[in-house]
Amino acid sequence: MTTINIKGMSCNHCVMAVMKALGEIEGIENINVNLATGEVTFEEAIPVDVSVIREKIQKAGYEVV
Ligand SMILES: [Cu+2]
């Protein structure tokens, strides 16, 4: 399981946007977002480069810290 922290989420809409963005990356599954802590966990069915994740999250309007 991979854990990242995302800055900028303030409501459930943000949670959905982050889940959608990560879900679009091939190989990422079982995404779980904790709005209170900003902690996001997921499984990598195939290895995913962290830069791909950063870029996706940034495009959605949030930041990986
Ligand atoms: Cu929001």
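1. Two strands count as paired if DSSP finds at least two bridges between them. Helices (H or I, at least four residues) and strands (E, at least two) are DSSP runs, numbered from the N terminus. On that basis, Ile-4 has Val-40 in E3 as its bridge partner.

2. A word on the model. The structure is predicted: local features need pLDDT of at least 70, side-chain atom pairs count only at pLDDT 80 or more, and totals for chains, interfaces and linings use all residues. Residue numbers start from 1 along each chain as its sequence is written.

3. The sheet. It is open, has 4 strands in the order E2-E3-E1-E4, and its pairing is antiparallel. E2 and E4 are the edge strands, each pairing on one side only. E1 (residues 2–7) meets E3 (residues 39–44) in the antiparallel sense over 4 bridges. E2 (residues 28–33) is also joined to E3 by 4 bridges, again antiparallel.

4. The hairpin. E2 and E3 form it, with 5 residues between them. Gly-38 sits in the turn and has a positive phi of about 80°. Val-33 has Val-40 in E3 as its bridge partner. Glu-29 is bridged to Glu-43 in E3.

5. Val-40. This residue is the bridge partner of Ile-4 and of Val-33. Contact here means C-beta atoms, placed from the backbone, within 7 Å. Leaving aside neighbours within four places in sequence, Val-40 is in contact with Ile-4, Ile-6, Val-18, Ile-31, Asn-32 and Val-33.

6. Helix H1. H1 has 12 residues and reaches 16 Å from its first C-alpha to its last. That is close to the 16 Å expected at 1.5 Å a residue, where the expected span is 1.5 Å times one less than the number of residues. H1 lies across E1, E2 and E3, and runs at about 165° to E2. Axes are lines fitted to C-alpha atoms, for helices over the stretch in contact, and angles run from 0 to 180 degrees between N-to-C directions.

7. A residue is buried if 20 or more other C-beta atoms lie within 10 Å of its own, exposed if 12 or fewer, and partly exposed in between, with C-beta atoms placed from the backbone. Val-18, Ala-21 and Leu-22 are buried in H1. Seen down the axis of H1, its buried residues fall within an arc of 95°, so they line one face of the helix. The arc is that of the directions from the helix axis to the C-beta atoms. On the other side, Asn-12, His-13, Met-16 and Lys-20 are exposed. The cover over the buried residues of H1 includes E1, E2, E3 and H2.

8. Helix H2. In H2 (residues 50–60), Ile-53, Lys-56 and Ile-57 are buried. Down the axis of H2, the buried residues fall within an arc of 95°, so they line one face of the helix. Ser-51 and Lys-59 are exposed on the other side. The buried residues pack against E1, H1 and strand E4 (63–64). Gly-61 follows H2 and has a positive phi, near 105°.

9. The core. A nonpolar core is a set of buried Ala, Val, Leu, Ile, Met, Phe, Trp, Tyr and Cys residues joined through C-beta atoms within 7 Å. The largest has 12 residues: Ile-6, Met-9, Val-18, Ala-21, Leu-22, Ile-28, Val-33, Val-40, Phe-42, Ile-53, Ile-57 and Tyr-62. H1, E2, E3 and H2 each supply at least two of its residues. H1 gives the largest share, 3 residues. As background, nonpolar side chains tend to be buried together in soluble globular proteins.

10. Ile-31. This residue is in strand E2. Ile-31 is partly exposed because 17 other C-beta atoms lie within 10 Å. Not counting residues up to four places away in sequence, Ile-31 touches Met-19, Leu-22, Gly-23, Val-40 and Phe-42. Ile-31 and Pro-47 are 16 residues apart in sequence and 15 Å apart in space, C-alpha to C-alpha.

11. Gly-23. The residue lies in helix H1 (residues 12–23). Gly-23 counts as partly exposed, with 13 C-beta neighbours inside 10 Å. Leaving aside neighbours within four places in sequence, Gly-23 is in contact with Ile-28 and Ile-31. The C-alpha atoms of Gly-23 and Ile-53 are separated by 10 Å, and the two residues are 30 residues apart along the chain.

Conventions:
Two residues are in contact if their C-beta atoms, placed from the backbone, lie within 7 Å.
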